[in-house]
Amino acid sequence: MRKAVGLILVLVVGISFWVVLKNVPFGHDKIGVGNHYIENAIQETGATNIVTSVVVSYRGLDTLGEVTVLFIAALGIGMVLFSVKKTSAKERQTSSMVVQTGTRILFPFIILFGIYIFVHGHLTPGGGFQGGAVIASGFLLTYLVWPELETKRERFGAAESLGGLVFVTIAILGLVFTGYFLGNFLPTGTQNHLFSAGIIPVIYIAIGIKVGSELAGIVADMIHKE
Amino acid sequence: MVVIQAVLILMMIVAGVATSMLKDLISAVIACAAVSLLASMLFYFLDAPDVAMAEAAIGAGLTTAVFVIAVRKTRSKEE
């Protein structure tokens, strides 16, 4: 009975999607805004990576909302797990020597790679979200290897607040100097240089720090509670 | 190139069905990670390296880890 109802529901949803989407042409431009970005983004923002110029400059407000959603998700996990008691140190399993030695060697490189990804967000693929996730996976590795390592949850919180504050401060400074929220008030510099594209690298570094500390905080919360 | 993409999509469908069919939750989580990893390769072939990086790092890496931790701390079999 339940399976039949489920099948009917899936069919209804599928047919409604097909009815709505069958008239949308596949692979054709419906609006011209994409072509505008491809033709003008490099001159207007100075960022070589057009994806970054869309994410941070043209659609920067959406990114602020996205970061806020992630923050609320981390906050929710922290709230749910707040009353759960911590696992005692002897219940935690230790890992093998190969994993320990490997992590000891790899951890700095993983963190460095994450920082590289978000510092070069305006030049190469990747950016704050990707770099932050790489940094968080580095912290995940350390928690798996050394379970007795106590979390410095407050430090993650501080880093997260710092990232959010820098993002909003830069955005409001843009409002002050150019009249637009997230307006680019710094010189855009030479294309393909590390110090170019005005406020885009600054904001992406802030996003990287914020996302990295948030995801690492989520992982730490999950691992250290019973 | 089209062949590679078709193979990737077929493997994604297989892994997705396996995710919903498997009774052992750890196996289901690994199948789910396989969907993410294959999706990230597909994004790379479709010239979207930014999305591919995000999918590989978050979908295949962190989400899987969080799921595995959650499954290990609760029941590991579906009823």
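The exercises below work through a predicted model, each with a solution in steps.

Residues are numbered from 1 along each chain as its sequence is written, and chains are lettered from A in the order in which they are written. In this predicted model, local features need pLDDT of at least 70 and side-chain atom pairs count only at pLDDT 80 or more, while totals for chains, interfaces and linings use all residues.

**Exercise 1. Describe the make-up of chain B.**

Step 1. Find the elements. Helices (H or I, at least four residues) and strands (E, at least two) are DSSP runs, numbered from the N terminus. Chain B has three helices and zero strands, and the order from the N terminus is α-α-α.

Step 2. Along the principal axes, the C-alpha atoms of chain B fill a box of roughly 40 × 25 × 10 Å.

Step 3. State the burial. A residue is buried if 20 or more other C-beta atoms lie within 10 Å of its own, exposed if 12 or fewer, and partly exposed in between, with C-beta atoms placed from the backbone. Of the 79 residues in chain B, 25% are buried.

**Exercise 2. Is B:Asp47 buried or exposed, and where does B:Asp47 lie?**

Step 1. Locate the residue. B:Asp47 sits in the loop between α2 (25-45) and α3 (49-73) of chain B.

Step 2. Look at the backbone. B:Asp47 is not a glycine, yet its phi is positive, about 65°.

Step 3. Count neighbours. B:Asp47 is exposed because 8 other C-beta atoms lie within 10 Å.

**Exercise 3. Compare the span of α1 in chain A with the expected span.**

Step 1. The expected span is 1.5 Å times one less than the number of residues.

Step 2. Helix α1 (residues 2-21) of chain A has 20 residues and reaches 28 Å from first C-alpha to last, close to the 28 Å expected.

Step 3. Zero of the 20 residues of α1(A) are buried, so this helix lies largely in the open.

**Exercise 4. How do α8(A) and α3(B) pack?**

Step 1. Take the geometry. Axes are lines fitted to C-alpha atoms, for helices over the stretch in contact, and angles run from 0 to 180 degrees between N-to-C directions. The axes of α8(A) and α3(B) come within 10 Å and cross at roughly 15°.

Step 2. Name the arrangement. Angles under 35 degrees count as roughly parallel, over 145 as roughly antiparallel, 65 to 115 as roughly perpendicular and the rest as oblique. The pair α8(A) and α3(B) is therefore roughly parallel.

Step 3. List the residues. Two residues are in contact if their C-beta atoms, placed from the backbone, lie within 7 Å. A:Leu215, A:Ile218, A:Val219, A:Met222 and A:Ile223 in α8(A) meet B:Leu62, B:Ala65, B:Val66, B:Ile69 and B:Ala70 in α3(B).

**Exercise 5. At what angle do α3(A) and α8(A) pack?**

Step 1. Helix α3 (residues 50-58) of chain A and α8(A) pack at about 85°, with axes 10 Å apart.

Step 2. The two helices α3(A) and α8(A) are therefore roughly perpendicular.

Step 3. A:Thr52, A:Ser53, A:Val56 and A:Ser57 in α3(A) meet A:Ile200, A:Ile203 and A:Tyr204 in α8(A).
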